[in-house]
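Q: Could you show me how to read enclosed spaces and annotated sites in a structural model?

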Amino acid sequence: MAKSSKTFVCQSCGATFSKWSGRCESCGEWNTIQEETPLSQGPAGKTLGSSRGKAVALHDLSTAEAPPPRSASGIAELDRVLGGGLVPGSAVLVGGDPGIGKSTLLLQAAAAFSKAGLGVVYASGEEASAQVRMRAQRLGLADAPVKLAAETNLRDILTTLEAERPGLIIIDSIQTMWADNVDSAPGSVSQVRAAAHELTNFAKRRNTAVIMVGHVTKEGQIAGPRVVEHMVDTVLYFEGERGHQFRILRSVKNRFGPADEIGVFEMTGGGLSEVANPSALFLSERGQTAPGSTVFAGIEGTRPVLVEFQALVSPTPHSQPRRSVVGWDGGRLAMILAVLESRCGIPFAGLDVYLNVAGGIRIAEPAADLAVAAALLSAREDTALPAETVVFGEISLSGALRPVAQTENRLKEAQKLGFSTAILPEGGKAAGSGGMTLTQKPDLAAVVGDIFGAG
């Protein structure tokens, strides 16, 4: 008699183990490992997919079987992040911190899609229907033809959807959904996986778009197993700092459009409003030039965005200097400091270093290296860069400056906002610079010596 195998799954990170233990070896959490009931096996001797389905050559696919065109919501920033609109039959996962505005965004999106002619069902497992109506009235969306449902039982939701056949389903949130065929509590790894699997299958089978809201853990990842992100077609993160009114909708995975695309919103009393020119918004609070301030011309997805890097360098009373970073990678800051000391002879020993990206946006591209180095040098030497100067470029460990992609788009965006000078690496395609003055340098030592007179 074959012995049944047991599987134990961590409810925090999704790691699997062959036996129970009190502490997860993957994430370090205590008392999060629970036994998971495996999926039932099919009849003996049958292979998955042997009873139905067949392979079809790609060139035999008829264009008549192609899905209908995308559905545009009319919210330009949302449509941009989705790749031009909502694809029928797609599954979208939206994650974000609690209270950041996920439900507000999706309620506005539901109203926009429904007014555009798409049948929308908004299923809330966290609020009652009356509470959702109150929020809709506050946002001025009370007359939107959206159907509401306050339910957590996945079987009841799918049964209702089979009868309604809407064009879009919004599930708020996936952690509250409960599948009665899975023996675990709502929000557990097995429940989240099962609910996401059933909803994704429904989307593909009925050609209905599904948007699922996912809570974010303290590590900044969507709660539950990472396999959920692989099951869906698009993963969006709704980001923003509580102290700023800006909100960033970022695409980290998109099978139907460019990844790393962003949409910028502003939180107001009447909900989220679009920001057509995010560069002007991020630089709107920038006052007179001061040491440590540098404007970086970056690219987010397909859109050029100008943001301000702020640096502060001060003597430390402690034996170990402090390195604090907000909005950028701390490891990359350590690399820039090491290059400045080793290749340019500028030490930061005994100095606290603070780096901040103004506006609450997070920058990840390596093209910001030169802007960060310029901000650090400006703060250390107490020398302000000219107000009309933008900086971008990648720094190698040898101290050389590497050209970055889409140089022309960066310069055009900077010129549109009134910047007349750019500091950038040599070799970049700068044909679209217009009347801008370009200061191209081969390495970081040239920037240090010619612009700051240091080193």
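Q: How do the residues of the lining of the second largest cavity divide into nonpolar, polar and charged?

A: This is a predicted model, in which local features need pLDDT of at least 70, side-chain atom pairs count only at pLDDT 80 or more, and totals for chains, interfaces and linings use all residues. Residues are numbered from 1 along each chain as its sequence is written, and side-chain values use heavy atoms, with hydrogens and water left out. Rolling a probe the size of a water molecule over the atoms shows where empty space is left. A cavity is a set of points, on a 1 Å grid over the protein atoms alone, where a 1.4 Å probe fits but cannot get out, and lining residues have an atom within 4 Å of a point. The lining here divides into 5 nonpolar, 4 polar (Gly is counted here) and 1 charged, and among its residues are Arg70, Thr234 and Phe256.

Q: Which residues line the largest cavity?

A: Leu78, Leu82, Val92, Val94, Leu105, Leu106, Ala109, Ile211, Leu236 and Leu249 form that lining, with the largest share, 3 residues, coming from α2 (helices are DSSP runs of H or I, at least four residues, and strands runs of E, at least two).

Q: Is Gly96, in the UniProt "binding site", buried or exposed?

A: Buried means under 20% relative accessible area and exposed over 50%; Gly96, listed in an unreviewed entry, counts as buried because its relative accessibility is 3%, whereas Gly99 counts as exposed at 66%.

Key: UniProt positions are given in the numbering used here, feature names are shortened, and annotations may be inferred rather than shown by experiment. Buried means under 20% relative accessible area, exposed over 50%, partly exposed in between (1.4 Å probe, protein chains only). On a 1 Å grid over the protein atoms alone, a cavity is a set of points where a 1.4 Å probe fits but cannot get out, and a pocket is an open set with protein on both sides within 12 Å along at least five of seven lines; lining residues have an atom within 4 Å of a point.
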